[in-house]
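Subject: Structure handover

Hello,

Here is the structure we spoke about. Please load it before you read on.

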Amino acid sequence: MALYPQTFVDDVKHQADIVVVIQDYVSLKKNGANYKGLCPFHGEKTPSFQVNRDKGFFHCFGCGAGGDVIKFLQLHEKIGFHDAVKQLAQRFGMTIPETEQTDDQRASAAEREALLKVHESAAKWFREQLLTPAAARIRRQIADRGINDTTGEAMGLGFAPPSRTALKDELLKQGYSEGLLVRAGLLVQREEGPSVDRFRNRLMIPIRRDTGSVIGFGGRAVDADQQPKYLNSPETPIYSKGRTLYGLDLSKAGIRQKGFGVLVEGYFDFGQVYQAGFPAVASCGTALTPQQVQQLHRFASKVVLSFDPDTAGQGAAAKSSELFVADGFDVNVAELPAGQDPDTFIRSHGASGYGERLKHSKPYLEYLLDRTAAGYNLNSDEGRVKFLAAMLPTAARIPDAAMRDRFADRLAFKANITDEVVRAKIREAAVQKQTTFATNTIPSLGHVTKAEKALIWCLIHEHETALTALVDLEAADFEELPSRSVLDLARGLNDNRGFSPSVLLERLNMVEAQLVTGIASEPEPPALSLGSCVGELRRARYERERATVQRAIAQLQTRGAAVGGELDALLARKGELGRLIQALVISED
Ligand SMILES: [Zn+2]
């Protein structure tokens, strides 16, 4: 992987305001000199994620994640340094310098681009087919479902005619290769014979990224006996079912504005809810995944689930809710009368009727307690025990401790348990299970001393004075320190006159970045002058050496070594170290 020139990376970081970038994913509030929000890297209800705009770094006091704007993108998008820099440059309209790519990289980037392009062309063609006289019946079907032309156009609805090769012929004519069409999932390669269109005689629904690029299709049967009812694009390098939340491109602005999203199940539920003016998204035929939850979390941290009231729909609601709750979402459930889904309900009760249902939606846990309680006889001891057993795992997954306690109390109340001891037991059980979810997965560097903290804090906030302290130190002073690699790096950069807080942050690995941003996020440095830091670190080094010398002396003595020679030298060194340490202690007082 060729590297971008440092000047370009510096320019990108200069342009890419870390607050602006992070706000694409996390809603941030100004808090003194910093910005605060809910951490996108772990589930939480109270914000422990901080962004320091001036120094250009973020840090989460909950899970420890930290770094500069590039590291944020790397972590959030799970991409490499190079791609993160490139994305930032694109986001801020900068010209990207040519770098040498390996053949593989060129191929995969070119392949993705070609796949996006062919999807765009296919979507356009399907759309055109819907507007032909031959598709009058399909247009009527759409109108019968209450989807108007504006909504149909916004969704990009189209039609795949019954022909076996209509799309293939068209796209080959446009210059696309057959191989690309097969890889895009638009053609199916038969074992024997030529490839044919995957989607035939279907109402076509383009699936788009939140940026609006078409990456796949859902195709709905138009004849009653046609199987399957829904046919989706296969997984391709640009489309992964579990990572795509349908409708985010149309609803993201509304979600941000209203502060919540409405999760529905299917394309037509989406169309209806969106048309009624609510910010909908749909999971579309797949069980909700954590990646989809994270997609939504970029725009809001509240969601209203609007599923079918039938058992399957409610089961899906329960599963989805738990994913949202675990990610720190506020989850409500909108209940509809039996036999209705959002699509049919809006058609019979209108947008305002549906709006009322959303407004009176129940907090998920409330909803779940009611629903689960209905399945047990809470007047019998046996029923109560079973009810508790069914609810405790849910309680355990609530990430916020105060909320978990409240839930345990509600649970006890619902189960008619008035005994305070039993209530306490429920709370305790919920907490014990919780620990298995809250494990901090971030590796630790070990105990960092006050002197290291002061030095690192100053490297970010007052780096000129910190650098003068750094040159007074020697490589040996850093040996065995948990922050050694950070301090070595800072010294190296300084020797090459390339030090700046920004470059230091950029060069740190993930674990080092967590350490540094954690220290630098403190409003004040530890109360220790930089001069004392040097003294402290030097003294710690002498003490480490004295301990080593002492061990060597003890070994020689147990072996019965005679006085003189090696033992004498060690004893002399030990004495010298004692004096050096003493001198440092006195100079500090
Ligand atoms: Zn976090």
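Below is what I found, site by site. Note that this is a predicted model.

Zinc site

Start with the zinc ion. Its ligands are Cys39 (SG), His42 (ND1), Cys60 (SG) and Cys63 (SG), at 2.1 to 2.3 Å. The 4 donor atoms subtend angles of 104 to 118 degrees around the zinc ion, so the arrangement is tetrahedral. Four donors count as tetrahedral if all angles lie between 85 and 135 degrees. Along the chain, the donors are spaced as C-x2-H-x17-C-x2-C. Histidine 42 sits in the loop between β2 (34-37) and β3 (49-52), while cysteine 60 belongs to strand β4 (residues 57-60); the pair therefore ties together parts that are 18 residues apart in sequence.

Histidine 42 counts as partly exposed, at 21% relative accessibility. The cut-off for buried is under 20%.

The sheet around it

β2, β3 and β4 belong to an open sheet of 5 strands. The order is β1-β2-β3-β4-β5, and the pairing is antiparallel. At the edges stand β1 (29-31) and β5 (66-68); each has a single partner strand, so one side of each has no neighbour in the sheet. On average, neighbouring strands of this sheet are turned by 25 degrees against each other, direction ignored.

Look at β3 and β4 in particular. They pair in the antiparallel sense over 4 bridges. Asparagine 52 stands opposite phenylalanine 57 in β4. Helix α3 (residues 69-77) lies across β3, β4 and β5. The helix α3 runs at about 125 degrees to β5.

Parallel and antiparallel pairing at β15

Strand β15 (residues 330-333) pairs with strand β14 (residues 302-305) in the parallel sense, over 4 bridges. Here leucine 305 has valine 333 in β15 as its bridge partner. β15 is also joined to strand β16 (residues 362-363) by 2 bridges, and these two run antiparallel. In that pairing, the bridge partner of asparagine 332 is proline 363 in β16. As background, strands of a sheet pair through backbone hydrogen bonds, either parallel or antiparallel.

A two-sided helix

Next is helix α20 (residues 463-471). Ala466, Leu467, Ala469 and Leu470 are buried there. These residues cover an arc of only 160 degrees around the axis, which puts them on the same side of α20. Glu464, Thr468 and Val471 are exposed on the other side of α20. What covers the buried residues of α20? The cover includes α19 (450-461), α21 (475-478), α22 (484-495) and α25 (530-558).

Backbone exceptions

Two spots deserve a look in your backbone checks. Most residues other than glycine have a negative phi, and most peptide bonds are trans.

- Glutamine 227 and proline 228 are joined by a cis peptide bond, with omega at about -15 degrees. Proline 228 lies in the loop between β10 (214-221) and β11 (230-232).
- Asparagine 201 is not a glycine, yet has a positive phi of about 55 degrees. Asparagine 201 is in the loop between β8 (196-197) and β9 (202-208). At 14% relative accessibility, asparagine 201 counts as buried.

Best regards

Definitions and conventions: Residues numbered from 1 in each chain as written. Predicted model: local features only at pLDDT ≥ 70, side-chain atom pairs only at ≥ 80, totals over all residues. Heavy atoms only, no water. Donors = N, O, S within 2.8 Å, 3.2 Å for Na, K, Ca; no water. Tetrahedral: all angles 85-135°; square planar, octahedral: opposite > 155°, others 65-115°. Buried < 20%, exposed > 50% of the residue type's maximum accessible area, 1.4 Å probe, protein only. Pairing = 2+ DSSP bridges. Axes fitted to C-alpha atoms, helices over the stretch in contact; angles between N-to-C directions. Contact = heavy atoms within 4.5 Å. Arc of directions from axis to C-beta.
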